[in-house]
Amino acid sequence: MTARTPPQAPAPGPGAASAPPTRAERIGDAALDLLVERGMRGLTHRAVDERAGLPQGSTSNHARTRQALLETAVRRQAEREAQVLAPHELPPPGADPGLLADALALALHRYLTDHRALLVSRYELALEATRRPELRGFFDRAGSAFRDPVVAMMRGAGSPAPERHALSVIAWCEGLMFSCAAGSFHAAVPSRTELRTGFDELLRGMLTGPTRQTAGARPDGPSRCPS
């Protein structure tokens, strides 16, 4: 995927003030844009200065080392992803699982339609974190801002195993997003209704538990045929 201009953050809601981006945000946005367009090799201090329209040396003053520049990109990635679903669009704790499915489908559909570049930059950073132990911890801490709320939502929805079920939900989302952004389904983005149906099936399977076994059925295999 090629981006010619820095990815834009979602427009603020009605009545919200639109503050100009700070220098740190401009640097972070430029870094993410370069990751999308050129990959990790294209992310340099000089290239960020040029893309952000800043005087040479501005990025080096903000993030002197390669590690600091990568941390700046991860931090901005987390900030931008947090804007995909506004806080008022999240279901309250203990809400009906249907509301949770609605919110998750909305967020996933926005990623796949309006924020596909954010997925590409996230994959670049995630792969780099596997090669840089010093980045791994920083990347994981940033990711906990998304993982922990899902655990809380699953617990509030009545999950008997919220940690495990949160992992299943996140893994399902990540797999679907990769398939539709960079995998074999990149040309076929599911509709919001289709995503809603998928979440409903997933959550219903986790929250209602396994189907009760019929009389005479063996727990470790198929039921015996009557003789």
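Aspartate 200 and arginine 196 lie 4 residues apart in helix H9, so about one helical turn separates them. In this predicted model, their side chains meet in a salt bridge, with an N to O distance of 3.6 Å. A search of the whole structure finds 16 salt bridges, and the largest nonpolar core has 50 residues.

- Aspartate 200, at 28% relative accessibility, counts as partly exposed.
- Arginine 196 is also partly exposed, with a relative accessibility of 24%.
- Arginine 196 forms a salt bridge with aspartate 102 as well, and the closest N and O atoms of that pair are 2.4 Å apart.

- Glutamate 174 and arginine 122 form a salt bridge in which the closest N and O atoms are 2.7 Å apart.
- This pair links distant parts of the chain, since glutamate 174 is in helix H8 and arginine 122 is in helix H6, 52 residues apart.
- Arginine 122 counts as buried, at 11% relative accessibility, whereas glutamate 174 is partly exposed, at 30%.
- The cut-off for buried is under 20% relative accessible area, so arginine 122 at 11% falls within that class.

- Side chains of opposite charge can pair when their charged atoms come close.

**Nonpolar core**

- Within the largest nonpolar core, the residues with the most contacts are Leu43, Leu125, Met154 and Val169.
- Two or more residues of this core come from each of helix H1 (23-38), helix H2 (45-52), helix H4 (66-82), helix H5 (97-114), helix H6 (116-131), helix H7 (133-156), helix H8 (162-181) and helix H9 (192-208).
- In soluble globular proteins, nonpolar side chains tend to be buried together.

**Surroundings of valine 169**

- With neighbours within four places in sequence left aside, valine 169 is in contact with Leu104, Val150, Met154, Phe199, Leu202, Leu203 and Met206.
- One of these contacts, Met154, is itself listed with Val169 among the core residues that have the most contacts.

Technical notes. Residues are numbered from 1 along each chain as its sequence is written. This is a predicted model: local features need pLDDT of at least 70, side-chain atom pairs count only at pLDDT 80 or more; totals for chains, interfaces and linings use all residues. Side-chain values use heavy atoms; hydrogens and water are left out. A nonpolar core is a set of buried Ala, Val, Leu, Ile, Met, Phe, Trp, Tyr and Cys residues joined through side-chain atoms within 4.5 Å. Buried means under 20% relative accessible area, exposed over 50%, partly exposed in between (1.4 Å probe, protein chains only). Contact means heavy atoms within 4.5 Å. A salt bridge is a side-chain nitrogen of Lys or Arg within 4 Å of a carboxyl oxygen of Asp or Glu.
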